[in-house]
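Subject: A structure for you to look at

Hello,

Here is the structure I promised to pass on. Please open it beside this email and follow along.

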Amino acid sequence: MIVALTMISFFLDGILSKYILPTTIFLPLFTIVSLVIIYPYFNNNNFRYFRFIALVGLLYDIAYFNTLFYNFFIFIALGFIIGLLNYLLSNNLYTNLLTTIITIITYRIILFLMVLIFKNHTYLLSELLQSIYNSLVLNIIYCVIVYILTEVYSRKYKILRCK
């Protein structure tokens, strides 16, 4: 289920990014949402989780950014945030939504800082805030839908997850 959910999210990122304009309020970051949803299914095996998200980050780099190790390190940093929030909070829909929001904001801020540091592009703070807002709308809807589906699926097939 972990791999299937991540693959679906990964491909949906690519498909929707191709058809949705960057100026719309629906910017998909489904792969990052899937990192939040799948964390409890690793049952506190952080080594396996970080190895998995490092691989996903590397594939994300190759497929969508044409870079190497850019999102690899960002996904690992996001994994630490997701792990910390899951350690501090119980696992339910509301905390998954909060974790998704924090993760998306962190991802956008890291990308903003990378562009400021390594590119000769003037990137305004208003553009950062707009990209955060545009990313949150669709991804919160996706998080709710996927959380409910994985909850039903894991109960039906008795898939264990940490609480």
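Below is what was found in it, topic by topic.

Keep in mind that this is a predicted model.

**The core**

Start in the middle. The largest nonpolar core has 40 residues. The largest share comes from α6, with 8 residues. Among the residues with the most contacts inside this core are L35, I37, I38, Y49, F52, F75 and Y107. As background, nonpolar side chains in soluble globular proteins tend to be buried together.

Now pick out F52. Leaving aside residues up to four places away in sequence, F52 touches I2, V3, T6, I38 and F42.

**Helix α3**

Which residues of α3 are buried? They are Y49, F50, F52, I53, A54, V56, G57, Y60 and D61. What covers them? The cover over the buried residues of α3 includes α1, α2, α4 and α5.

L59 also sits in helix α3. Is L59 buried, partly exposed or exposed? Its relative accessible area is 44%, so L59 counts as partly exposed. L59 and F10 are 49 residues apart along the chain, yet their C-alpha atoms are separated by 9.2 Å.

Look just past the end of the helix as well. There, N66 takes a positive phi of about 55°.

**Aromatic pairs**

Next, the rings. A pair of aromatic rings is described by the distance of the centres and the angle of the planes. Searching the whole structure gives 18 aromatic pairs. One of them joins Y39 and Y49. Their ring centres are 4.8 Å apart, with 85° between the planes, and the pair is edge-to-face. This pair links distant parts of the chain. Y39 is in the loop between α2 (30-38) and α3 (46-65), while Y49 is in helix α3, and the two are 10 residues apart. Both Y39 and Y49 are buried.

Why is the pair F69 and F72 edge-to-face? The ring centres lie 5.1 Å apart and the planes meet at 80°, so the pair falls in that class, for which the angle must be over 60 degrees. F69 is partly exposed, with a relative accessible area of 40%. F72 has 17% relative accessibility and counts as buried. The cut-off here is simple: buried means under 20%.

There is also a cluster. Ring pairs join F10, F11, Y60, Y64, F65, Y70, F75 and Y107. You have met F75 and Y107 already, among the residues with the most contacts inside the core.

**Helix α5**

Now move to α5, which covers residues 93-118. How far apart are its end C-alpha atoms? They are 37 Å apart. The helix has 26 residues, and at 1.5 Å a residue it should span 38 Å, so the two values agree.

The N-terminal end of α5 is capped by N92. A side-chain oxygen of N92 lies 3.1 Å from the backbone nitrogen of Y94.

N96 lies in this helix too. Its relative accessible area is 1%, so N96 is buried. What does N96 touch? Neighbours within four places in sequence aside, N96 is in contact with V36, I37, N91, C143 and Y147. I37 is another residue you saw in the core list.

**Salt bridges**

Last, the charged side chains. How many salt bridges does the structure hold? It holds 2.

One of these joins E151 and R155, at 3.1 Å from N to O. E151 and R155 are 4 residues apart in helix α6, so about one helical turn separates them. In general, an α-helix has 3.6 residues a turn, so residues three or four places apart point the same way. E151 is buried, with a relative accessible area of 15%. R155 has 63% relative accessibility and counts as exposed.

E151 and R161 also meet in a salt bridge, at 3.0 Å from N to O. This pair links distant parts of the chain: E151 is in helix α6, and R161 is in the segment after α6, 10 residues away. Both E151 and R161 are buried. Through shared partners, the salt bridges join E151, R155 and R161 into one network.

Best wishes

Definitions and conventions:
Residues numbered from 1 in each chain as written. Predicted model: local features only at pLDDT ≥ 70, side-chain atom pairs only at ≥ 80, totals over all residues. Heavy atoms only, no water. Phe/Tyr/Trp six-rings, centres within 6.5 Å; stacked < 30°, edge-to-face > 60°. Buried < 20%, exposed > 50% of the residue type's maximum accessible area, 1.4 Å probe, protein only. Contact = heavy atoms within 4.5 Å. Expected span 1.5 Å × (residues − 1). Polar contact = N/O pair within 3.5 Å; in protein donor to acceptor, adjacent residues only side chain to side chain. Core = buried A, V, L, I, M, F, W, Y, C linked by side-chain atoms within 4.5 Å. Salt bridge = Lys/Arg side-chain N within 4 Å of Asp/Glu carboxyl O.
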